[in-house]
Amino acid sequence: MPPNQIASYAAHALKSAPFAYLAPLRLADALDHLAELGEDARVLAGGQSLIPLLALRLARPGVLVDLGRIASLAEVQEREGWLVLGSMTRELQAERSALVARGWPLLGAALRFIGHSAIRSRGTVGGSLAHADPAAELPAVALALQAELVAQSKGRGERTIAALDFFLGPYTTALASDEILTEIRIPSSSGGFSFQEVARRHGDFALVGVAATVELERGRIKGCRVALTGVSDRPVPGSGTELGMVGEEPTPKLFRAVAQQLAAVVRPPSDLHGTAGYRRQLVSVLVPRALEEASARAGVGPIDGGGLSP
Ligand SMILES: Cc1cc2nc3c(=O)[nH]c(=O)nc-3n(C[C@H](O)[C@H](O)[C@H](O)COP(=O)(O)OP(=O)(O)OC[C@H]3O[C@@H](n4cnc5c(N)ncnc54)[C@H](O)[C@@H]3O)c2cc1C
């Protein structure tokens with residue numbers, strides 16, 4: 001079947017409701033389709049979240065617009081010191097990228113927590129961000145690294161959305177239905193990083209995950225970012241300034257105090273995987289662990305040593 005041809009599938013052939021399938025070769029054509037079809041169309045990236053939703057009939061788009069043949073969306077590059085990932089960069093491709101490992105190791109560290117390698121070989125960085133699962137790793141990383149997300153539509157052209165403004169709620173982002181997330185741009189960052197997570201089994205979604213970056217100057221904290229996943233309807237950001245860390249020494253006492261602040265403000269869900277109280281307890285354990293590792297990587301370990309709570 002020619003890739004650009006719409007093919008209707010009979011309802012009985014799949015578990016999903018019937019849909020038509022388009023596989024454009026150019027971004028401009030994909031944007032045309034979304035503009036024409038409106039709410040009836042849905043973008044397909046790696047399919048690791050969308051295909052199960054179709055099979056369960058939790059999503060019933062009339063048309064799927066597959067981005068998989070648009071080569072320009074799968075490039076990984078460095079541009080003026082920024083990491084620029086095409087939205088169709090596979091999670092495994094980013095994880096194995098020498099560029100990511102050299103300059104943006106927090107991203108590489110977090111990617112390893114996503115499902116299993118078979119999932120990551122299909123799932124895309126842009127798909128994970130656009131899907132906005134409240135327990136996903138990459139939204140928290142996007143916040144901690146202050147990523148910018150580039151969206152394009154036929155009618156309004158290109159716009160850049162700060163990660164802070166992108167995640168609006170569970171499975172809800174600032175993207176309009178005619179927009180495609182095309183690029184993820186991440187500024188360079190110096191200093192240390194850490195990604196910590198507790199899940200019930202390897203490859204499961206996080207009960208709680210913490211992404212952290214710490215920059216030190218003369219033994220004191222110059223900058224810090226913390227972002228949590230699994231504890232709210234969207235990733236929760238925190239900056240060193242808001243958390244009273246800037247200018248302070250990176251001590252376990254400070255890190256525990258920061259963790260207590262965060263544990264008090266998050267509103268985690270209670271479900272069969274863990275209670276809200278358990279998730280809050282994980283925040284108070286994982287945040288100090290992440291900050292300790294990030295400051296050790298930034299060049300100076302915690303000043304007064306001493307163990308952190310388990
Ligand atoms: C068994 C299993 C375990 C998993 N474990 C984890 C885990 O531990 N952590 C985790 O974070 N994820 C996990 N995932 C999900 C995985 O990371 C997915 O790859 C990701 O959530 C969605 O990416 P995708 O490319 O597959 O997107 P798709 O499933 O194709 O799309 C997801 C949604 O995003 C929209 N979308 C996708 N790309 C774009 C774009 N460029 N522009 C606009 N909208 C777009 C789609 O329309 C759809 O609504 C798991 C999945 C499976 C099947």
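Colleague: Residues are sorted by relative accessible area: buried is under 20%, exposed is over 50%, and partly exposed is in between (1.4 Å probe, protein chains only). Why is Glu183 called buried?

Modeller: Its relative accessible area is 17%. That is under 20%, so Glu183 counts as buried. First, the ground rules. This is a predicted model; local features need pLDDT of at least 70, side-chain atom pairs count only at pLDDT 80 or more, and totals for chains, interfaces and linings use all residues. Numbering runs from 1 along each chain as its sequence is written, and side-chain values use heavy atoms, with hydrogens and water left out.

Colleague: Why is Arg79 called partly exposed?

Modeller: Arg79 has 33% relative accessibility. That falls between 20% and 50%, so partly exposed is the label.

Colleague: What makes Glu183 and Arg79 a salt bridge?

Modeller: The term needs a side-chain nitrogen of Lys or Arg within 4 Å of a carboxyl oxygen of Asp or Glu. The N to O distance between these side chains is 3.0 Å. That is within 4 Å, so the pair qualifies. Glu183 sits in strand S11 and Arg79 in strand S5 (residues 76-79), so the contact ties parts that are 104 residues apart in sequence. Helices (H or I, at least four residues) and strands (E, at least two) are DSSP runs, numbered from the N terminus.

Colleague: How do you know that Asp178 and Arg156 form a salt bridge?

Modeller: By the N to O distance again, here 2.9 Å. Asp178 is in the loop between S10 and S11, while Arg156 is in the loop between strand S7 (148-153) and strand S8 (157-162), 22 residues apart. Asp178 is buried, at 17% relative accessible area.

Colleague: What joins Arg159 and Glu179?

Modeller: A salt bridge between their side chains, with N to O at 2.7 Å. Arg159 lies in strand S8 and Glu179 in the loop between S10 and S11, so parts that are 20 residues apart in sequence are tied together. Glu179 is buried at 5%, whereas Arg159 is partly exposed at 34%. Shared partners also join Arg79, Glu158, Glu183 and Arg185 into one salt-bridge network. The structure holds 17 salt bridges.

Colleague: What makes a space a cavity rather than a pocket?

Modeller: Escape. On a 1 Å grid over the protein atoms alone, a cavity is a set of points where a 1.4 Å probe fits but cannot get out; a pocket is an open set with protein on both sides within 12 Å along at least five of seven lines, and lining residues have an atom within 4 Å of a point. Grid points are joined across faces, edges and corners, and a volume is the space filled by probe spheres set on the points. One cavity of 30 Å³ or more turns up in the whole structure. The largest cavity has a volume of about 70 Å³.

Colleague: How is the lining of the largest cavity divided by class?

Modeller: Into 10 nonpolar, no polar and no charged residues. Nonpolar covers Ala, Val, Leu, Ile, Met, Phe, Trp, Tyr, Cys and Pro; charged covers Asp, Glu, Lys and Arg; the others, Gly among them, are polar. The lining includes Leu85, Val125, Ala147 and Ile186. Helix H8 (137-144) gives the largest share, three residues.

Colleague: How much space lies in the largest pocket?

Modeller: About 1300 Å³. It has 45 lining residues, and Ser49, Leu50, Gly127, Ala130 and His131 are the closest to its centre. By class they split into 22 nonpolar, 16 polar and seven charged. H7 supplies the largest share, five residues.

Colleague: Where does the second largest pocket lie, and how do you know?

Modeller: Domain 2 (72-186) and domain 3 (192-297) both contribute lining residues, so this pocket lies between them. The bounds come from an automatic or database domain assignment. The volume is about 350 Å³. Of its 17 lining residues, Ala135, Phe205, Ala206, His273 and Arg279 are the closest to the centre.

Colleague: What makes S5 and S6 a pair?

Modeller: Pairing takes at least two DSSP bridges between two strands. S5 and strand S6 (residues 82-86) have four, in the antiparallel sense. They form a hairpin with two residues between them, and Glu80 in the turn has a positive phi of about 50 degrees.
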